Amino acid sequence: MAIKTIKIHPAIGIARLGNSPEFFIGPEKPGDHSPPAGGYKDAACNLKKQAARFRLFGYDQNGVLVQEISAADATIQWTAHLANTKGASDLFVGAFDANQNPGQRNASVADRSKVTIDPGLRTISGPGASASFDTGHFMGVQVPLGEMRTDTLGSCSASSADLT
């Protein structure tokens with residue numbers, strides 16, 4: 001069957017912080033709540049980062065899955081833009097309380113870009129590629145947000161920043 005459409009799965013990925021240099025790939029199947037192989041902590045009891053793996057799948061004209069697409073099938077280029085805008089957002093007052101606006105976080109900072117960590121776009125291609133989101137700043141202090149890398153099949157994983 002001919003491939004008509006290629007989709008990225010999962011459509012949304014979740015990455016979590018950790019202070020270990022190690023990471024694990026988060027659940028890839030709906031309802032999978034099993035712990036990762038080796039657990040959530042490394043040998044020094046530091047919390048491993050959780051990465052999300054993004055994969056490509058080809059579908060025919062009827063929306064039927066044909067195959068997973070890997071680097072053996074095509075040249076795959078991944079582009080991601082990771083930013084932390086929490087410092088420039090509104091204060092949180094709780095769920096279902098949309099009528100209250102207690103103001104902005106860091107309201108004394110007029111230049112909102114100073115409280116937004118935005119290292120910009122990163123693009124990688126091919127198996128074994130990587131890029132770091134390590135050029136963003138918060139109030140002039142460099143803050144690394146994480147990295148993305150490809151595996152041997154060209155699938156992309158993104159992990160969150162180190163807490164250290």
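The model is predicted: local features need pLDDT of at least 70, side-chain atom pairs count only at pLDDT 80 or more, and totals for chains, interfaces and linings use all residues. Residues are numbered from 1 along each chain as its sequence is written, and side-chain values use heavy atoms, with hydrogens and water left out.

Start with S3, which covers residues 49–59. Strands here are DSSP runs of E with at least two residues, helices are runs of H or I with at least four, and both are numbered from the N terminus. S3 is mostly covered, with 9 of its 11 residues buried. Buried means under 20% relative accessible area, exposed means over 50%, and partly exposed lies in between, using a 1.4 Å probe and protein chains only.

Next come the neighbours of S3. Two strands pair if DSSP finds at least two bridges between them. Strand S1 (residues 5–9) pairs with S3 in the antiparallel sense over 5 bridges. There, Ile8 stands opposite Leu56 of S3. S2 and S3 run parallel and are joined by 3 bridges. Phe23 stands opposite Lys49 in S3. Strand S4 (residues 65–69) is antiparallel to S3, and 4 bridges pair the two. Phe57 has Glu68 in S4 as its bridge partner.

S3 and S4 also form a hairpin, with 5 residues between them. Gly63 in this turn has a positive phi of about 80°. Asp60 lies in the loop between S3 and S4 as well. Asp60 is buried yet has no salt bridge. Its nearest side chain of opposite charge is Lys4, 9.6 Å away. For that count, Lys and Arg are positive, Asp and Glu are negative, and His and the chain ends are not counted.

Now the charged pairs. The structure holds 6 salt bridges. A salt bridge is a side-chain nitrogen of Lys or Arg within 4 Å of a carboxyl oxygen of Asp or Glu. Arg55 forms one with Glu28, the closest N and O atoms being 4.0 Å apart. Arg55 lies in S3 and Glu28 in the loop between S2 (23–25) and S3, so this pair ties together parts that are 27 residues apart in sequence. Arg55 is partly exposed at 25% relative accessibility. Glu28 is partly exposed too, at 38%.

Asp151 forms a salt bridge with Arg53, with the closest N and O atoms 3.7 Å apart. Asp151 lies in the loop between strand S10 (146–150) and strand S11 (156–160), while Arg53 lies in S3, so the pair ties together parts that are 98 residues apart in sequence. Asp151 has a relative accessible area of 23% and is partly exposed. Arg53 is partly exposed, at 23% relative accessibility. Glu28, Arg53, Arg55, Glu68 and Asp151 are linked in a network of salt bridges.

Move on to S10. In a regular strand the side chains alternate between the two faces of the sheet. Along S10, Gly146, Met148 and Thr150 point to one face and are buried. Arg149 is partly exposed at 30%, and Glu147 is partly exposed at 22%. Strand S7 (residues 130–133) runs antiparallel to S10, joined by 4 bridges. Ala131 stands opposite Met148 in S10.

The structure holds 1 aromatic pair. The rings of Phe24 and Tyr40 have their centres 5.6 Å apart and their planes at 80°, so the pair is edge-to-face. Phe24 lies in strand S2 and Tyr40 in the loop between S2 and S3, so the pair ties together parts that are 16 residues apart in sequence. Rings of Phe, Tyr and Trp (its six-membered ring) pair if their centres lie within 6.5 Å; planes under 30 degrees apart count as stacked, over 60 as edge-to-face and the rest as tilted. Phe24 is buried, with a relative accessible area of 10%. Tyr40 is partly exposed at 41%.
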